[in-house]
Amino acid sequence: MATSPCSSSGVSSSSSSGLGADAGLEIRTRSVEQTLVPLVSQITTLINHKDKPKRSDKTLQAIQRVGQAVNLAVGRFVTVGEAIANENHELKEEMSVACIEARRAGETIAQLTDVASLDHPESDSHITIFTDKTGVVKAARLLLSSVTKVLVLADRIVIKQIITSRNKVLATMEQLEKVSSFQEFVQIFSQFGNEMVEFAHLTGDRQNDLKDEKKKARMAASRAVLEKCTMMLLTASKTCLRHPDCESARINKNGVFHRMRLALEQVIEIVTDSRPNGENEMAPISIYSGIKEFKNKVEGLRENLYFLSKENLSTMLEVILEHTEDFTDSAYTSHEHREHILELSKQAKMELEQLVSVWMQAQNQKTKDLMEDLEVAILKTCQCMNELKREVHSAATSLAADLLKYHTDHMVLKALKITGVEGNLEAVAEYTCKLSEQKEQLVEMCRLLRHVSGTEPLEITCIHAEDTFQVTGPQIISAAETLALHPSSKIAKENLEVFCEAWESQLSDMSMLLREINDVFEGRRGEKRVYLSLPRPGKHNANLKALKPVKLDTEEQAKIAKLGLELHLLTSDVDSETEKWEDQESEIVQHGQGMSSMAYSMYLFTRGEGLLKTTQDLFHQAEIFATEGTKLASALHAFSDQVHDDDKPLLLLEAEKLICMCKQLQITAKASVQGKSATFTKVDACILKTRNMMTLLCQLLPLCCKLLRKNKAGNGCLKPAPPWREDRIQTGTNAHTPERRAETFGIKTLENHVTNMTFVESK
């Protein structure tokens, strides 16, 4: 298992107290990360108490309870870890060492926090958290490191299960390739079905547990291939058995087996975080990501004129413009779009030249006029790049919309089925040429959409779609040729139907993908964005130089920094809560995400950053934030009508509280003030009220989520759908097999023991 510095939020949250897990352990899954969070919270409570001067009896009792809770939980945790070690001999030595370290650290923490019964906890005669202040930090660091190691080792067992399951599938596939009779094929395929179901469950759980969204998307793509190929493998193999001398049937079958092996290999690459022959994964480069990085560098010149060279900026722009050639060289790009892209590319070069010229002057002589000229050049350059991004987005999405609409009737596929059954080889050849043309159009569409997809997961989905069209097209052709050669063959007809359904399914998926790409571009989904409800500086002004953005001065920023930081943390909490919802299209989630994005832009304002340049911008944003809150309250009332639970009155009460807060913020934001002091007071009041609304939102979202789950459970809807859609034979794996037994000693068991610890908050 590859290792790199730990990136877990659970572990990193302890860094302020001098804590940290083993730097050689990387936490890649949410289950491991979330298991560590309560432990980190408890230990941080202890660390914070060691330096506090006031120590009441209540405080001392609280410290002792926390120390005992940590020690007891670690004891239970270690017991489970030792059971895992006994079940998995290859990990026994490493696991045993980590368990011993964890138990020792837990006992040390219990001893150091045994202070409630002492008259003078500071006395040197008894070593405590107060007399040995570094001891508790060392014990805490050792505990976190050893517990993290136990969790990561336990996670290896999950990986081992997936690899073992993959190996079983591969071995059975080899048998399926070699069978020569229907009877033997049916027996082996039944076993294969069971193994694929087991593999689907294991990889589905792993996909949901991965922290890295890019890996999640790659796993989803691989599992989608395996899902569709399972039925293809069945019909292609049966066709080959029925017509053993048919070359097109053999080609068709071999293509399915090859694609399944590639998908299985990619799953293993993802779960083990490795690449064959040690090669590095090349991240796909898109125009969208290139422009985003370029703009970040350009805007960074406001803060630092010397952090990069003009050559770096020029190179970045050259790479972006090279990628625009994918559009200008494409036969499917309209003449109008091609001309606009070329024109904007030329303008981007000119704007960069002007920017570099002013930038170089500003490095030598930092005058007020030059800095204003630099601001204008930055705005113009970024505006040009935004227009270029908008143009390529329009070109790609309009092409996709036209193609998907044109091919929605599936006329070519229908014609292939008809001519195949007729045994008309000449007509089949004619329609296979048309399908090849259609395939090239759709592949080009996927390539262009990738450039404007907006997020890495969507880029990966575009790449997967491109691969699917590339592979499925020739497979349909070989299946159609087989049917034309054997027009009376029912299995050959069924085989063609299966491949055509896969093509139609991918076209349907493309329509959904197109909607998601448009949603990201318009700011409805995807990465955290700043609301663009305000007029952009320079967008409608001819006299850009006259713009003098008014920001908070240094003293005002310092005063409001703590409030801004609290707002930032609350936006992260809200984002975490919204991610837990299965239905990301829910009105509650949409309004919650909108409020979080606007609150984030207000936080940026407190730092003198972002799109909110003036106090008036902030007040306008506060009004929109309050309006969004009112919409959320309406959605909450509508939601309350759908649930029947004891918590429903609490939900309605909180919704009414939100409405009152929205009205108060509207009044504050619209109030007229004069003078610097009064304006700052109004800024402070707006951000304070926004923070209070975000705090309420952090309480509302989990409450609604809980009510929704209860409601679904009551209606029998809570049980998740099977990971793959096809009709499949239920696995006969016994719950007491080694694989199942290892599962009972997995991450979930460890998680329960740590999560059950009592929380004692630092007062």
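How do H12 and H14 run relative to each other, roughly parallel or roughly antiparallel? Keep that in mind while you set up the view. This is a predicted model.

**Colour by confidence.** The chain has a mean pLDDT of 79. Residues at 70 or more make up 79% of it. Select residues 1–24: pLDDT stays under 50 there. The model gives this stretch 61 contacts beyond four places in sequence. Now select residues 715–763, where pLDDT is also below 50. Here the model has 96 contacts beyond near neighbours in sequence. Where pLDDT is low, predicted coordinates should not be read in detail. Hide both stretches if you like, and move on.

**Select H12 and H14.** H12 covers residues 368–406, and H14 covers residues 425–451. Their axes lie 9 Å apart, at an angle of about 150 degrees. Angles over 145 degrees count as roughly antiparallel, so H12 and H14 are roughly antiparallel to each other. The crossing is left-handed. Show side chains at the contact. From H12, pick Ala396, Thr397, Leu399, Ala400, Leu403 and Leu404.

**Select H18 and H19.** Take residues 587–606 for H18 and residues 615–640 for H19. The two axes come within 9 Å and cross at roughly 160 degrees. H18 is therefore roughly antiparallel to H19. This crossing is left-handed. Colour the contact by residue class: 14 residues are nonpolar, seven are polar and three are charged.

Technical notes. Residues are numbered from 1 along each chain as its sequence is written. This is a predicted model: local features need pLDDT of at least 70, side-chain atom pairs count only at pLDDT 80 or more; totals for chains, interfaces and linings use all residues. Side-chain values use heavy atoms; hydrogens and water are left out. pLDDT is the predictor's confidence in each residue, from 0 to 100. Contact means heavy atoms within 4.5 Å. Axes are lines fitted to C-alpha atoms, for helices over the stretch in contact, and angles run from 0 to 180 degrees between N-to-C directions. Helices (H or I, at least four residues) and strands (E, at least two) are DSSP runs, numbered from the N terminus. Angles under 35 degrees count as roughly parallel, over 145 as roughly antiparallel, 65 to 115 as roughly perpendicular and the rest as oblique. A crossing is left-handed if the near helix is turned anticlockwise from the far one by less than a right angle, and right-handed if clockwise. Ala, Val, Leu, Ile, Met, Phe, Trp, Tyr, Cys and Pro count as nonpolar, Asp, Glu, Lys and Arg as charged, and the others, Gly among them, as polar.
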